[in-house]
Amino acid sequence: MSVLSVKNLQKSFDNLRVLKDISLSVTSGEIVSIIGSSGSGKSTLLRCLNRLELIDSGEITVDGDTMVSTENDKVKYAESPVLKQIRMKTGLVFQNFNLFPHYNVLRNITEAPIHVAGISRTEAEAKAYELLDKLGLTDKAESFPYQLSGGQSQRVSIARALALNPKILFFDEPTSALDPELTGEVLKVIRSLKSLNMTMVIVTHEMSFAREISNRMIFMDEGVIVEDTTPEELFNSANERTKAFLGKFHDVIN
Amino acid sequence: MSPEAILKLLQYMITASAMVGKIFFLTLLFSLPLGLLACFGRMSKWAIIREPVKLYLLIMRGTPLILQLFFFFYFPYYVIGTTLPRFHAAILTCSINYAAYFAEIYRGGIESMPKGQYEAAKVLGFNKSQTFIKIILPQVIKRILPPMGNEFMTLVKDTALVSVIGVAELYQLATDTMSQSASTMPLVMAGAFYLAMNIIVSKGFEFAEKKMSYYR
């Protein structure tokens, strides 16, 4: 079953066409990585899917609810109750964590479940402790974000997103602000989510990780999807642009 | 001055300080919320709101408070045929004057917040007022404490200006006594009173900053 469906999405900033006719679909439990060089539009795509940017045309459907559609060249976003429902079904993990510095770890995680989803504090905290335990952060519940390492911060932000029980979790370069050691720590956590059957869309520069974890990989270049296929096929692609991009990556590795 | 006269003046000064306190607290009571309102107006995307607010901020910050005091005391006479009670005119003027400074301090604090905080709140489903009250405002308060401390201390001293429209307070008392007794002692004493009040204000801010230092 399709959890996310995107059709003919277009987005420009002023006169710069950042996304040119993007279509893709993600089914339940699937893990999809989006790769591509900086400026290829992959982060903008993720931001459009999370309504941090408004699209110029196209259609986005999340778990059966239409977020936005286009009729006669007019973009129409859904009514706010629908948008709110979609919000609850999606989670986003940022590159820079964006934790709330004035709340401790526990409150960072429970604030939205209590005040947005309307869950009781007791229930929200029980769920938060469960998540912290799963992510190896039990002893950090009372800590404040400034007391955490980058890896711990990112794990807290993953817990914060998971606390709302999303149907699909988006990651926007979750390890780009981390050193290699901390990167491993965060990737381990993302891997562990795979066993929970979590649907994930991951924008990343970690090629080996993407190859290992993904069911499908999407390669974007200059605002279009060049390839959308299995990791194996992508890494053996005959496409010139794919080869050029992965070639750069191989040069770095070797 | 004789010791008896000084003791007597000391008592008067304590009473006069109460007036300073009254102006101080009433001005804050009105100017702190009014400043927030002006700050939102200043940040409005609609020019019809933003531009008049900018003009208000410019005039209030660009002209002397002493002149504004005279203006708000005498101007109502030409409109409603009577002046405002002196004390009310003083509170009105100080409030709208300080609100202008507070508005810009609030704006500085709000605009210094990283975009990521808004985006994280949005993605988690917080609405606009929840985001402002739960996420942005607490962090803004911590950031603006030092400049607010400046303003609060300046306000204590600026209360001396209301004497120009005949509101009796500490400065008035000091200068009157000085000319009667031909001694600078009253000035020194008044200075000590202002300083003592500002020591309390600055300690208050120190305490608040310490309170807010549980996070970075």
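I began with Glu185(A), which is partly exposed, with a relative accessible area of 24%; I take buried as under 20% relative accessible area, exposed as over 50% and partly exposed as in between, computed with a 1.4 Å probe on protein chains only. The model is predicted, so I note that local features need pLDDT of at least 70 and side-chain atom pairs count only at pLDDT 80 or more, while totals for chains, interfaces and linings use all residues. Residues are numbered from 1 along each chain as its sequence is written, chains are lettered from A and ligands numbered from 1 in the order in which they are written, and side-chain values use heavy atoms, with hydrogens and water left out.

**Entry on Glu185(A) and Arg155(A).** I looked up the partner of Glu185(A) and found a salt bridge to Arg155(A) at 2.7 Å, N to O, the term standing for a side-chain nitrogen of Lys or Arg within 4 Å of a carboxyl oxygen of Asp or Glu. Glu185(A) lies in helix H6 (residues 180-194) of chain A and Arg155(A) in helix H5 of chain A, so the pair ties together parts that are 30 residues apart in sequence. For helices (H or I, at least four residues) and strands (E, at least two) I use DSSP runs, numbered from the N terminus. Arg155(A) is buried, at a relative accessible area of 11%.

**Entry on Asp63(A) and Lys167(A).** I next checked this pair, whose side chains form a salt bridge at 3.9 Å, N to O. Asp63(A) sits in the loop between strand S4 (57-62) and strand S5 (65-71) of chain A, and Lys167(A) in the loop between helix H5 (150-162) and strand S8 (168-172) of chain A, so the contact links parts that are 104 residues apart in sequence. Asp63(A) is buried, with a relative accessible area of 17%, whereas Lys167(A) is partly exposed, with 44%.

**Entry on the contact between chains.** I then found Glu111(A) in a salt bridge with Lys134(B), with the closest N and O atoms 2.9 Å apart. Because Glu111(A) belongs to helix H3 (residues 105-115) of chain A and Lys134(B) to helix H6 (residues 128-158) of chain B, the pair joins two chains. I recorded Glu111(A) as buried, with a relative accessible area of 0%, and Lys134(B) as buried, with 15%.

**Entry on the overall search.** I noted 22 salt bridges over all chains in the whole structure. Arg47(A), Glu53(A), Lys115(B) and Glu119(B) are joined into one network by salt bridges that share partners.
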